[in-house]
Amino acid sequence: MSSTFPFPLLKRMLIYASVSAGLVLPTSAWADDAKELLKKMSDFLTAQKTISFTYQSSLEAVTPAFEKLQFVSSGIVNLTRPDKLRVTRTGGFADIDVSFDGSSLTVHGKNLDAYAKIDGKGSLDDLIDRLMTAGIEAPGADLLSSNVYGELMSDVTEAKHISSAFVDGVECEYLAFRTPEIDWQIWIQTGAQPIPRRYVITSKHVVQAPQYMLEISDFKSGADVAAVSYNIEIPGSAKTVDLSELQSLDELPAAADAGEAK
């Protein structure tokens, strides 16, 4: 079967590998302001009392046969500081609606016709901490905290301002950070509204270094945010379950179906 590309696949891969091996990143001239740009983004986000945006996320998994798979989801986030959150996410294995009203967390698995409700008064920071303590990972949740800079910079050992870039046609500053366990990159919109447009986390010590990617669009704040309820209307047919039973909360299929994703 003939290729529609000017180079056979193997040759193109070798070219990319060669470019990668010879890549020399900008150094001091750019690196000095990575933290400053990140702090500016953090200050902007935490100053917004009400926020809404749409997002698309992808989570990579590696099978025992070393095949890398990418699971894509999308949804909407509404947030009112200090203690209101509504998040939807629809993907191939999950269709969930999550709400926190400052007193309780409700998770509705629409595809399962089931829901879980957990009482717990507090702020969004308290909620994120409780979820992490319970072992529920929420990549990207740091961007919703009241101290984005502090949360993101925890354990950072190296920060770089790589270049300018464009995400979905929007000019951004491209920053890269390293920690002992993960590397992460962020693309921040230039101008008066330093919005995080793209965020990528790389698990560099896991086989084939799988990544989590979050892209944000249609960002609104203040009076531009449409009214939203922070209480989910649960259908009468939905059964109450323990949160641990809502397996389809995850963006990944069950391990047996995905080949024991790592």
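Reader: What is the average pLDDT of the protein chain?
Author: This is a predicted model, and the protein chain averages a pLDDT of 86. A score of at least 70 is reached by 81% of the residues.

Reader: And where does the pLDDT stay under 50?
Author: One such stretch is residues 1–5, for which the model has 1 contact beyond four places in sequence. The pLDDT is also below 50 over residues 256–262, and that stretch has 16 contacts in the model beyond near neighbours in sequence.

Reader: What does L143 touch?
Author: Leaving aside residues up to four places away in sequence, L143 touches M41, L45, V148, L152, I186, P196, Y199, L214 and I216.

Reader: Now the aromatic rings. How many aromatic pairs are there?
Author: The count comes to 6 aromatic pairs. In one of them, the ring centres of F71 and F93 are 5.7 Å apart and the planes stand at 65°, so this pair is edge-to-face.

Reader: Which parts does that pair tie together?
Author: F71 lies in strand β2 and F93 in the loop between β3 and β4, so the pair links parts that are 22 residues apart in sequence. F71 counts as buried because its relative accessibility is 12%, whereas F93, at 36%, counts as partly exposed.

Reader: Why is the pair of Y174 and W187 called stacked?
Author: Their planes are at 5°, with the ring centres 4.5 Å apart, so the pair is stacked. Y174 belongs to strand β8 and W187 to strand β9, so the pair ties together parts 13 residues apart in sequence.

Reader: Are Y174 and W187 buried or exposed?
Author: Y174 counts as buried at 18% relative accessibility. W187 is buried too, with a relative accessible area of 8%.

Reader: What sits over the ring of W187?
Author: The charged end of R198 does, 4.8 Å from the centre of the ring. Elsewhere among the aromatic residues, ring pairs link F44, F53 and F219 into a cluster.

Reader: A change of topic: the backbone. Which residues does the cis peptide bond join?
Author: It joins R81 and P82, and omega is about 10°. P82 is placed in the loop between β2 and β3.

Reader: What is the phi of D155, then, and where is D155 found?
Author: Phi of D155 is near 75°, a positive value in a residue other than glycine. D155 is found in the loop between α5 and β7. With 56% relative accessibility, D155 counts as exposed, because the cut-off for exposed is over 50%.

Reader: And what about A209?
Author: A209 is not a glycine, yet it has a positive phi of about 45°. A209 is in the loop between β10 and β11 and, at 26% relative accessibility, counts as partly exposed.

How values were computed. Residues numbered from 1 in each chain as written. Predicted model: local features only at pLDDT ≥ 70, side-chain atom pairs only at ≥ 80, totals over all residues. Heavy atoms only, no water. Helix = DSSP H or I, 4+ residues; strand = E, 2+ residues; numbered from the N terminus. Buried < 20%, exposed > 50% of the residue type's maximum accessible area, 1.4 Å probe, protein only. Contact = heavy atoms within 4.5 Å. pLDDT = per-residue confidence, 0-100. Phe/Tyr/Trp six-rings, centres within 6.5 Å; stacked < 30°, edge-to-face > 60°. Lys NZ or Arg CZ within 6 Å of the ring centre and 35° of its normal.
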